[in-house]
Amino acid sequence: MFEKRRLNFWQIWNLSFGFLGIQMGFALQNANASRILQIFGADVHELSWFWIVAPLTGLIVQPIIGHYSDKTWNRLGRRRPYFLTGALLASLGLVLMPNADMFTAFMPALWVGAGMLMIMDASFNVAMEPFRALIADILPSDQRTLGYSLQTVLIGIGAVVGSWLPYVLTNWIGLENTAGVGEVPFNLLLSFVIGAIVLITSVLVTVFTTKEYTPEEMAQLHQAEGAATIEEAPGKLSDIFTDFRKMPRTMRQLSWVQFFSWFGLFGLWVFSLPAIAQHIYGLDPNDNQSMAYQNAGDWLGILFGIYNGVSAIFAFFLPAIAKKVGRKKTHAISLIIGAFGFLSIYIMPDENWLILSMIGIGVAWASILAMPYAILAGSIPPQKMGVYMGIFNFFIVIPQIINALIGGPMVKYLYNEQPIFALVTSGISFLIAALLVARVDDKDDEVVSI
């Protein structure tokens, strides 16, 4: 009987190495997009509306990419053509977003910047889910938790470098972190260019070192894994809606966990800078040009690097913890730790104490990036792995869209222009997600092997 090859540590490492560059670019976006948009003129309560283009594009792009990647086979393989294309487009967005003021002859820099944010996030979406599906395609069941955990390690490393880069360029190398009104500082400009270069390079490592199964081998694997009785999809795009209605029970249960997890994360990415600048640094809500504001932005990059660094370290221990206590309990405890990380931001006396808050958030982030996918992979028909990974992204982007629509008005009208309470709301959302983990059926909670 044909079985999947077992891979060694470094083969699994190379399998996801492209995620290092993807996440470096993603981290630059998450830590600095609000800062750049504010420099171009966005008000605090408008930030979530500009960010809405990112999850909206993900909602549309992810399942389509997943559907077609299930049906694709060319010289590059099945999944590789998609994450290579996504990397190229994301790199273009990284270079152009902080340089949006170059296009003011055609339209306001703010709108160009928002458009580049849309291009970047759509491209990251094109790249990310094929990587998720690649793990499930290539690794046997008992190596998947390790595979997703190593993917989280690489995500963390890339995110640390991306988050810290503007601070390092200013405080270690001496580049300016201030600029004229409406202009992006040079340390940010250079950071985004470096991120684009690393993104392309790391994805090429995966492209050239990873061998995907041929269509014939995949057919044998489907039969060996008991998938022969599952009806093959005829390949129509409309089948996505049919697949959505027929999604596995475990996926439906995980959808609610994902909803509240990602609702909370979106609040972190959009409102951290104005919340910390106002609540910790004592700045005016309309201050987006002063040295103190730029320092707050650079320090936020350090904080984001810390939570991503913690996630990279914690991810190494996730397989062992999950083996001992189970994946569900591991995920629930991690989310609770993250919730307290969010809630503690409100009471921290200065910016240095926020490191403790980010440690808690980092623990939760590691689990969010690994445990739901490890649980989900065992419940998905193998020949529909790509499309279901794409559909699963609905439950990542829909909560972000909802937060984008209501987050700004909540800050303005409910929280009285105090974005710190958006982060408190994120903590509460994490607690709800932790409670909902108990409802999930983990059909494939295997012993993890290396």
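Analyst: We can start with Arg-79, which counts as buried because its relative accessibility is 0%. Buried means under 20% relative accessible area, exposed over 50%, and partly exposed in between, with a 1.4 Å probe and protein chains only. This is a predicted model, in which local features need pLDDT of at least 70 and side-chain atom pairs count only at pLDDT 80 or more, while totals for chains, interfaces and linings use all residues. Residues are numbered from 1 along each chain as its sequence is written, and side-chain values use heavy atoms, with hydrogens and water left out.

User: With which residue does Arg-79 form a salt bridge?

Analyst: A salt bridge is a side-chain nitrogen of Lys or Arg within 4 Å of a carboxyl oxygen of Asp or Glu. The partner of Arg-79 is Asp-137, with the closest N and O atoms 2.6 Å apart. Arg-79 lies in the loop between helix 4 (53-71) and helix 5 (80-96) and Asp-137 in helix 6, so the pair ties together parts that are 58 residues apart in sequence. Helices here are DSSP runs (H or I, at least four residues), numbered from the N terminus. Asp-137 is buried as well, with a relative accessible area of 4%.

User: How many salt bridges does the rule count?

Analyst: The count comes to 4. One of them joins Asp-298 and Arg-35 at 3.0 Å, N to O. Asp-298 belongs to helix 12 (residues 291-325) and Arg-35 to helix 2 (residues 18-39), so this pair ties together parts that are 263 residues apart in sequence. Both Asp-298 and Arg-35 are buried.

User: Where do Arg-80 and Glu-212 lie?

Analyst: These two also form a salt bridge, with the closest N and O atoms 3.2 Å apart. Arg-80 is in helix 5 and Glu-212 in the loop between helix 8 (186-209) and helix 9 (215-224), 132 residues apart. Arg-80 is buried at a relative accessible area of 11%, and Glu-212 is buried at 5%.

User: Now helix packing. At roughly what angle do helix 6 and helix 7 cross?

Analyst: Axes are lines fitted to C-alpha atoms, for helices over the stretch in contact, and angles run from 0 to 180 degrees between N-to-C directions. The axes of helix 6 (residues 109-138) and helix 7 (residues 144-171) cross at roughly 150° and come within 9 Å. That makes helix 6 roughly antiparallel to helix 7; angles under 35 degrees count as roughly parallel, over 145 as roughly antiparallel, 65 to 115 as roughly perpendicular and the rest as oblique.

User: Which residues of helix 6 and helix 7 meet?

Analyst: Contact means heavy atoms within 4.5 Å. Phe-131, Arg-132, Ile-135 and Ala-136 in helix 6 meet Arg-144, Gly-147, Tyr-148, Gln-151 and Ile-155 in helix 7. Gln-151 is buried, with a relative accessible area of 0%. Leaving aside neighbours within four places in sequence, Gln-151 is in contact with Ser-16, Phe-19, Phe-131, Arg-132 and Ile-135.

User: How do helix 12 and helix 14 cross, at an oblique angle or roughly parallel?

Analyst: The axes of helix 12 and helix 14 (residues 354-377) come within 6 Å and cross at roughly 50°. That makes helix 12 oblique to helix 14. Among the residues making the contact are Trp-299, Leu-303 and Phe-314 of helix 12 and Met-358, Gly-362 and Trp-365 of helix 14.

How values were computed: Helices (H or I, at least four residues) and strands (E, at least two) are DSSP runs, numbered from the N terminus.
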